[in-house]
Amino acid sequence: MLVKRGIAVSPGVAIGAAWIFGAERLRVRHYTTKSAIDTDIARFRAALDAVCVEIEGNQKIANQQLGEQYGAIFGAHLLMARSPQLTDEIERLIREKINTPEYACKQVLERYAEVFRNLGNQYHAERAHDINDLQSRLLRYLLGKQRQELGDLSKPVIVLARNLTPSETASLKREFVLGFATEEGGPTSHTAILAGALELPAVVGIGDFLSEIENGDKVIIDGNRGEVIINPVESVLAEYLESQQKFRTNYAALEIERTAEPITADGERIQMLGNIEFPGETEHCLERGADGIGLYRTEFLYLGATKEPSEEDHYNAYCEVIHSLGDREVVIRTLDLGADKVPSVGVHHPASANPALGLRSIRLSLQYLEGFKIQLRAILRAAKHAQSGRVKIMFPMISSLYEFRQAKMVVRDVMDDLDEAGVPFQREVPVGMMVEVPSAAILAEEFAAEVDFFSIGTNDLIQYTLAVDRGDPAVSSHYRTGDPAILRLISMVVKAAENHKIPVTVCGQMSSDPKFLPLLIGLGIRRISVTPHAIPELKAVLRQLNIPQCKDIATHAEWLGLSRVIDNYLQGELRKICPQLGR
Ligand code: PEP
Ligand code: MG
């Protein structure tokens, strides 16, 4: 039995067979058999030929598109792959040591790479990368049959991967995936958020562990504690089967909360909205008693799509949400592509050394104006099917007043175009912004005079304020939601919103964590937008709170001043308020 610890990002317990995504991480068998030596040598030669054809293809493309000096890079790869010395060494290991071709390739190429690395200059270090690249290509071909795609899944498994992109996570078939665990990823990465939306127990940021697992091993994902247990002993398995049952029962016990009003014990009505990525999730939100949708992440229309969404695709998706909601509100956030959400279709998204600080979000929309207008037309047309003011437009990642004004101007232009073309659309559409860049929080007073509403995106606000990549497990201990700087910024935004009488919501993951609920209410927040599955539990906590108590908690937390201490304090308060949650 092996226990690995990571970051718990989606609660629940999943038990099942391991299914490793990405052949590069498959365990390589050491020995073949004497009788298989000739077949294995033939397999190696076929893989080498296929790799050479692939490299020649890349060389041709590089020659044509970039010039021969770039094509020469692949020429060097080809020379290496065709080197008789390399082939001899690998074949000797297969023949004499009865090694599998996979193992022999790894052994020889890793040794070559090591020699280059130790030569001690940049040029040779780069050659070591080239050798690694050759090794992965060869392994990919040799392991080809074992390589599986997410789309191939036909029975329920636990998916284990180095990393899953948001589009890969979005394409997971719910019926065949019991849960997942990844070596990379942080607590508020979009992959983690999707795990919550799909209600799959998940652990991310475990670090290197895939080389210790084989396909089919029994695995437990503990999404409550952030643990992955490989090949559990009988007693542990029995314990987990019981806790899986308990989790389901607790969840069912919260059922009653779904229909309850989100109201504090002293009668303050809080708006509890849901966050969605796909139109189908609207029903999940309503089943759990959401007041509406406080954040619709529309970029998921692009992720996993095989062609660029047309105006009608946008329009149909928005109409679906609007119709499901009846007279409830929906905040449609315009595309937040970029960083880890890289579209494979449509918008050209250039590579960047620091993608989270690059051409992301509203910056990309303002640059790719044609696509932005298509989306706005679709929203304004779809909003015609809702009561006025019920559909709201929100711009993500606004970092300056100028940017907000530019984006708003595009809305006006699109309205003029629709008017001119005689296309029916909704004129009464409030236009607001995410507050998720520190500059927006600092200038909240100025922004509040121009926008119709604020929504605080704590996921990015924390990332940008504390300079911590939200997807990087190496710095996840620095990603502190309760940091005093974050509390101060939230407080500033709430005050600005109060001064200008505009609504303010918190839609980052912070508001889905019940421990932060008393604090947020104490800071003056009256609207939260959360992961749908968190709603019943949040309602249960909310109904135990009263406003003076929340204000005291907020004042005390601000006074404590250290994020770790604040965290422990809030956890303790939650335990006192709601002992039945058992945290
Ligand atoms: C946020 O940053 O808090 C947010 C809600 O937006 P996203 O998670 O989609 O970046
Ligand atoms: Mg964000």
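**Exercises around ligand 1**

Start here: the side chain of aspartate 460 has an N or O atom 2.9 Å from an oxygen atom of ligand 1. The model is predicted, so to speak of local features takes pLDDT of at least 70 and side-chain atom pairs take 80 or more, while totals for chains, interfaces and linings use all residues. Residues count from 1 along each chain as written, chains are lettered from A and ligands numbered from 1 in written order, and side-chain values use heavy atoms, without hydrogens or water.

**Exercise 1.** Find the residues that surround ligand 1 and name the closest ones.

*Solution.* Step one: count every residue with a heavy atom within 4 Å of the ligand; you get 17 residues. Step two: pick out the closest, which are Arg297, Arg333, Gly457, Asn459 and Arg470.

**Exercise 2.** Look at the oxygen atoms of ligand 1: what lies 2.8 Å away?

*Solution.* First, check the side chain of arginine 333: one of its N or O atoms is 2.8 Å from a ligand oxygen. Next, go to asparagine 459, where a backbone N or O atom lies 2.8 Å from an oxygen of ligand 1. Then ask how covered the ligand is: alone it exposes 290 Å² (Shrake-Rupley, 1.4 Å probe), and the protein buries 100% of that.

**Exercise 3.** Work out which elements give two or more residues to the shell around ligand 1.

*Solution.* H16 gives the largest share, three residues.

Methods:
Polar contact = N/O pair within 3.5 Å; in protein donor to acceptor, adjacent residues only side chain to side chain. Helix = DSSP H or I, 4+ residues; strand = E, 2+ residues; numbered from the N terminus.
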